[in-house]
Amino acid sequence: MKNVLLISCLICCLVSCKKEDSSQVPLLNENNFLSTVDGKEVALYTLESGNGLYMQVTNFGGRVVSLFTPDKKGKHEDVVLGYENLDRYLNNEGERFLGPVVGRYANRIGKGKFTLDSIDYQLPLNNNGQSLHGGMKGLDMVVWNVDKVTDHEIQLSYVSPDGEEGYPGTLSIRMIYELTPDNEFRITYHATTDKPTVVNLSHHGLFNLKGEGNGTITDHILMLNASHITPVDDALIPTGEITPVEGTPFDFRVPTAIGKRIDAEDPQLKNGAGYDHNWVIDRKTEKEIELVAKLYEPQSGRVMEVWTDQPGIQFYSGNFFDGKVKGKYGKTQNYREAVALETQKFPDSPNQPHFPSTRLNPGEEYTQTCIYKFYTE
């Protein structure tokens, strides 16, 4: 009987501690996201891993609005950039792609043109004469259906009609965000089409492991398991080459501070105004989920691993933030204070036959898994 009482007391203590920890996390007010957009209801949903990871997601663009994770002393910080209410996403004055799903085609398609089965397609040009992240109203600017939500998972879906943003085929997409007890933020995508099309989805989180607005990311230590990149021209469109990183500022196979070589005299760094390139992952398998990147912030001890089944990862070092716009806590979004690590197929693949294919046919299913795992060391 004493043992039963002792166990009961321990359970009560653990539950109480968990609630106390949760109360210390300054979650955003869900009421600030309650609205109707394009005739569909928008809301903010709060998920938790049960082990210290908290995330808030809105079904407007499938955006991750906040992501709280503890440092080595147990102090939580929100490590993604975002805005404090829905209106700022709808009418933003700064970076559009803060935390959403991007597509139908993540990254760039040169001049917004591609040919499929002898049919030429022209997409809207929304980035220096190119098509970026799906166009003027990509998947980040639509309201997704909320099919299921629990305390640790949300399931979203969206049907993109034939011709939306110039893409052929009706594309039916399912997406699941899950926080696991191992403090993984796990994203899975599924898509089908009724007509041949191209698909390349990705998550566009912008991370700072110090916390949003808490300083530079150039002192973050990065490892990328990739021995090649796809170099780009001055419009950030791949040249079609696949070149080795050996002996260049793009070699992150050994963990290296992001800022160590970011201002080196290098034509590719000039084209990207820093790092804004696709790395070709050194995969051991064809389709398994593998560790492809590790980001470490020494001051807080926070670590973020990136796992994926995709062949490429886009590393962007926050080169275009100018400090003119404030984030959700009133701190400015400054130059090189955020990192994106987007798992994907390669940019401009529809125009580069030797790149991994992004074609999807009727009867096939597009799938992708991406995992961001958090811990301290």
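Which residues of the largest nonpolar core touch the most other members? The points below take this up, then turn to the whole chain and two single residues.

1. The model. This is a predicted model, in which local features need pLDDT of at least 70 and side-chain atom pairs count only at pLDDT 80 or more, while totals for chains, interfaces and linings use all residues. Residues are numbered from 1 along each chain as its sequence is written, and side-chain values use heavy atoms, with hydrogens and water left out.

2. The largest core. Tyr177, Trp279, Phe315 and Phe374 touch the most other members of the largest nonpolar core, which has 56 residues. Strand S14 (residues 171-179) gives the most to this core, with 5 residues. Another core, of 20 residues, lies apart from it and has Val65, Met141, Leu206 and Ala338 among its members. A nonpolar core is a set of buried Ala, Val, Leu, Ile, Met, Phe, Trp, Tyr and Cys residues joined through side-chain atoms within 4.5 Å. Buried means under 20% relative accessible area, exposed over 50%, and partly exposed in between (1.4 Å probe, protein chains only). In soluble globular proteins, nonpolar side chains tend to be buried together.

3. Phenylalanine 374. Leaving out residues up to four places away in sequence, Phe374 touches several residues, including Leu53, Phe185, Phe207 and Met304. Contact here means heavy atoms within 4.5 Å.

4. The overall fold. The protein has 3 helices and 28 strands; these are DSSP runs numbered from the N terminus, helices being H or I of at least four residues and strands E of at least two. Of its 377 residues, 54% count as buried. Among contacts between residues at least 6 apart in sequence, 67% join residues at least 24 apart. The C-alpha trace spans about 75 × 50 × 45 Å along its principal axes.

5. Lysine 328. This residue is found in the loop between strand S25 (312-316) and strand S26 (340-344). Is lysine 328 buried or exposed? Lysine 328 counts as buried, because its relative accessibility is 7%. Tyrosine 83 is 245 residues from lysine 328 in sequence, yet their C-alpha atoms are 4.3 Å apart in space. Besides Tyr83, lysine 328 touches residues including Asp78, Glu84 and Glu212.

6. Leucine 90. Helix H2 (residues 86-90) holds leucine 90. With a relative accessible area of 33%, leucine 90 is partly exposed. Leaving aside neighbours within four places in sequence, leucine 90 is in contact with Val37 and Phe60. Leucine 201 is 111 residues from leucine 90 in sequence and 21 Å away in space, C-alpha to C-alpha.
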